[in-house]
2 protein chains.
Amino acid sequence: MRTLTWLPVTEFERVRAGIADPHLRCRAVAAMTRINTLYMVSRAGSGHLGSSFSAADVVSWLLLEELREEDVYFSSKGHDAPGLYAALIGLGRLEEDLLHRLRRLGGLPGHPDVRTPHMPFNTGSLGMGISKAKGLVLGNRLAGRRQRVFVLTGDGELQEGQNYEALAGAVHARMGELTVVVDHNKLQSDTWVADVSDLGDLAARFAGFGWGVLRCDGNDVAALDRTFRERERAHPDRPVVVIADTVKGAGCARFAATSMAPGEWRYRFHSGAPSPADHAAAHEELTAAANAVLAEAGLAPLTGRTASVPDPPGAAGAGTVSLPRVYGEALTALAARDERVVALDADLVLDTGLVPFRDAHPGRFVECGIAEQDMVSMAGGLAARGFLPFVHSFSCFLHARPNEQIYNNASEDRKVVYVGSLAGVLPAAPGHSHQAVRDVSAVGAVPGLVVLEPANPAQTRAAVDYCAAAPQSVYLRLVSVPCAAELLDLPAGPLVTGRGQVVRAGGRVVAIGAGPVVLAELLAAAPALDLTVVNLPWLNRVDPRWLADLAEGADAVVVVDNHLTRGGQADLVARALLEADLPRPPRFLGIGLTELPVCGTANEALEHHGLRSDRLTDTLLARLPGARLVDLGRCGS
Amino acid sequence: MRTLTWLPVTEFERVRAGIADPHLRCRAVAAMTRINTLYMVSRAGSGHLGSSFSAADVVSWLLLEELREEDVYFSSKGHDAPGLYAALIGLGRLEEDLLHRLRRLGGLPGHPDVRTPHMPFNTGSLGMGISKAKGLVLGNRLAGRRQRVFVLTGDGELQEGQNYEALAGAVHARMGELTVVVDHNKLQSDTWVADVSDLGDLAARFAGFGWGVLRCDGNDVAALDRTFRERERAHPDRPVVVIADTVKGAGCARFAATSMAPGEWRYRFHSGAPSPADHAAAHEELTAAANAVLAEAGLAPLTGRTASVPDPPGAAGAGTVSLPRVYGEALTALAARDERVVALDADLVLDTGLVPFRDAHPGRFVECGIAEQDMVSMAGGLAARGFLPFVHSFSCFLHARPNEQIYNNASEDRKVVYVGSLAGVLPAAPGHSHQAVRDVSAVGAVPGLVVLEPANPAQTRAAVDYCAAAPQSVYLRLVSVPCAAELLDLPAGPLVTGRGQVVRAGGRVVAIGAGPVVLAELLAAAPALDLTVVNLPWLNRVDPRWLADLAEGADAVVVVDNHLTRGGQADLVARALLEADLPRPPRFLGIGLTELPVCGTANEALEHHGLRSDRLTDTLLARLPGARLVDLGRCGS
């Protein structure tokens, strides 16, 4: 347990009532918002501090002074959600109780979701905001109504091509209602934007598309005031971008990018909770800063409330082994042996485990920025020159944003390895924009592409070797939550395309799954039901003979997908079983997600979707009445 | 049969040998290339004349004078393939015989493919070229080699966001090796670029991203010569764009955009073969123009060869009813009744059947340009305002380019109707970039999205009503080849989600399929095998009870997919059959594409992929030996 301090709404009310000057009032509210943002993120155990702080002054000014009742505001980047939530709660527009429920089931999602009041769109998938805003404007015009729409974007976000698809149409339609604010804090998730994919002259970019451009210090309330006034006057019938020059982590020296050591490449507070020490120091600093503003206004210091909160919920499994880290080390070693290997990354060098690769093989590491389509097609060009590109992003983005580019590479018979980390329903804290539960189906039909999901470190290392040796392209699906300890010593057979391995010999109910999340739950459920558990790491290929042998003596075959139930391993296995034309086909049951994945802790999400071992047991007992679930007969071993 | 004239390679050799002046020689070759381009497209029955002609001078100059042995050139837009092929054949770099095999199996694909010599990449999917070129440059640098890379893009193509993802990195890496030539003919597939999504100041756009910019008349050989010389001098270590101002259809008054009547919105020669009258007049004009250049050089006039060629192969089925046309009329009528209906288009207003809608409801028609991601997210914004957006493109693009945006809309429970025409393996002439055989799998798992493929006009009209009334979003998969006459009177039952209808009562082998292509082939194969044929228009939903009843008395169930065999209807039905736990489960066979779709005529493609009725019959006889294929027992009726 830890004791954390937060500010109740009553304190926000006292301060707003007690300060007449709008600039001073906004500075006070912004400072207080940062205090509650820190509380929410520390309590949740994850969340985006840096972006929330850089945007805090813009958000506070818009909410307090600029936005009229009928206007719309939303964040396209979505990473600044904790800050936006804290501001809305402070202003009484969201329930105060939600302060304590960031990234929890039924609480405030890790990224904005329309089911939360004042969130017009689901964001967090980058680059969609300007297009969505244009849709609102078109709808308003059709409804004969004029409404100002304000969209906040990140600057790293501007590497996404969709932004530029959106710009021209807004000019064409003379969208004076539309204002885009760029939170130009110069840092994206990993490091400096200029080092990743320089935006160059940002003003010239927007001007080149015909947009009106204004620019100001985005952490200076007075400057924001002047700039938003200027917006209407200067460009009444043109879309306008306000380039707000901000500091990531602004308002707190400890988190501020300006405090980074010379030459330090990594900004440490993009996501994730601060250490207890960082939290304590930052809280003290933020409180002092807020009280200084209050003193300037002649108000008494803040009175916070304390909450004794549980330590942040761990991810599924007690283990601590990260498959992306194991993967990154294996790829680094492979590259030392194989000159063809090149790694491409889309601004997730930390999360994809590529830091060792970048350090060991800087010449063969290509940082593409948040530009997945460009990255995947560049990989095609590298493959055309005889190289073996490994392409990296979160699976939620990698299967979807460059979906057509992946097919195009495949159509050239060019071998590319796509590595999607953060695959599956866990972690559930970031929410559905980041939960890749559709990736297998979205790329599973691509000709010459095999989808492979390793279950533990040994199989991850084997998978890297497989990717290097395989004749075809591979989509490597990597779960990022720690690998449960009981999976570390799974029987490690060779990777043979389409074939799995019995990892627990049991009765005549054969349960098949891939990856650490599913296998951990199946192994936990196995004893009670005497399940025969099979690790089938192949998600779009199955060897019919192997499957027929496995199913021969089975009463039932169950496939559990860490994926939506359509288009995953259950479809694959069911069809192969039926086509195998067995004399005595087993009963079949496929279990997977049947709806949008929920945001919450690992246990909340697995429980909700019926994937936790106890829920799996219940489902099998309920849905396989005929099958005798406890049976000493052995098969498949 | 028709008689068409073409120019043999010997004529190109005579002209190249007979003209010393490079400018004059290039003008002659370009003029002759246009003659053979016309021949190829007329013979093939389809192909892109306008783009081939606008780019002919650029392509001829590059191939004849600018490119060195080690340089690379390719077309990103790919629509100008016939012109590029004609030029390469004229220069002896491709087999002369291929002149007669455009868009035929084993011939020259409708869009560039790496299996054809001198085609480094598969293009035709727009906006990938600059990224691919960057991959080549990176690969070259890793291999310690310097190579100039020239990429031709369209101007409409520059609406695709991927281009802008690509620009920054090229500057960051100081890619002086990279030159992009924009064939700036001011027209995209339907109409004027400026009317669709104005590029504004194109030079400023590229300059805003830090590129070097040069500009010239792209149909003036001398100007091209000057400009390419300037390129190295002016920007030795920067990527450069050469904006080549061209005329679509240049070199032939009849095809030239400059001949369009004042106010005429549609350019008629973007794709498709010219009428016999247009062909004859254009051929005469082109020959006169070429002979004038030859005379200027003191050479004798051209001597062509004639070929008596069959009339262009028709598409599958003898029918002439276009489902997109029927769809467009139905949507137009729906919009008259339902104020919520808005239609969004991505520069395919003709092919998606939307002309009547645009004319009847101009205020509710949104032309988005070639910017599918922007279009889909805008639809989300319109839905957020209570409208019912119908989003349109070719299915090959609609399921893939905005794949993440479709999921994002679904995650908001916003109802959007996605209409993908040109679905399936036919027409096969454009090649795999345009054959949507992966769309069902790529969107089939999206929560709250139903994939529906109507089989004939009546069902298409019913599908439009279903889309309007359905609680969930719909992906409407429309086959564009004419609907076979025998499908016009299929029994027309109501559309009930997940349920199909027996359209031919037969024996105990039940063949299930969706859409006009599959059903026409199944009905043709049915009599010999006494198949019971079922029209199941649902591709990611099946009603288990309905299916169980259907399969009850069946010896075998066969599902034929106009789609890759993974992730289509066969997977759906097989799993549902197995989960139905029937006392006597039928044998099961799924038939679909198992590889990249081939380019060719409809018959060539269906034959190659085993989807033509005779091949289906063979497959059933071979793969269902046990099933007694001719049996008087009746079921399923």
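How much area do chain B and chain A bury between them?

1. **Burial between the chains.** Chain B and chain A bury about 8,200 Å² between them. Carbon and sulfur atoms carry 54% of it. Buried area here is the accessible area (1.4 Å probe) that two parts lose on being put together, summed over both. B:Glu165, B:Glu404 and B:Arg575 supply 10% of what chain B buries against chain A, more than any other three residues.

2. **Basis of the model.** This is a predicted model, in which local features need pLDDT of at least 70, side-chain atom pairs count only at pLDDT 80 or more, and totals for chains, interfaces and linings use all residues. Residues are numbered from 1 along each chain as its sequence is written, chains are lettered from A and ligands numbered from 1 in the order in which they are written, and side-chain values use heavy atoms, with hydrogens and water left out.

3. **Confidence.** pLDDT is the predictor's confidence in each residue, from 0 to 100. Chain A averages 94, and 97% of its residues score at least 70. Residues 631–637 of chain A stay under 50. For that stretch the model has 18 contacts (heavy atoms within 4.5 Å) beyond four places in sequence. For the complex, the predictor gives an ipTM of 0.96 and a pTM of 0.96.

4. **Symmetry.** A rotation of 180° with 0.0 Å of shift along its axis superposes chain B on chain A, with an RMSD of 0.0 Å. That is the relation of a two-fold axis.

5. **Contacts between the chains.** 102 residues of chain B are in contact with 102 residues of chain A. There are 12 salt bridges between the chains. A salt bridge means a side-chain nitrogen of Lys or Arg within 4 Å of a carboxyl oxygen of Asp or Glu. A:Lys132 and B:Glu412 form one, at 2.8 Å from N to O.

6. **Domains 2 and 3 of chain A.** An automatic or database assignment sets the bounds: domain 1 (2–309), domain 2 (323–487) and domain 3 (501–631). The C-alpha centres of domain 2 and domain 3 of chain A are 26 Å apart. Between these two domains, about 2,500 Å² is buried, 68% of it from carbon and sulfur atoms. A:Val425, A:Val437 and A:Glu453 supply 22% of the area that domain 2 buries against domain 3, more than any other three residues. The count of salt bridges between these two domains is 0.

Definitions and conventions. Least-squares fit on C-alpha atoms with pLDDT ≥ 70 in both.
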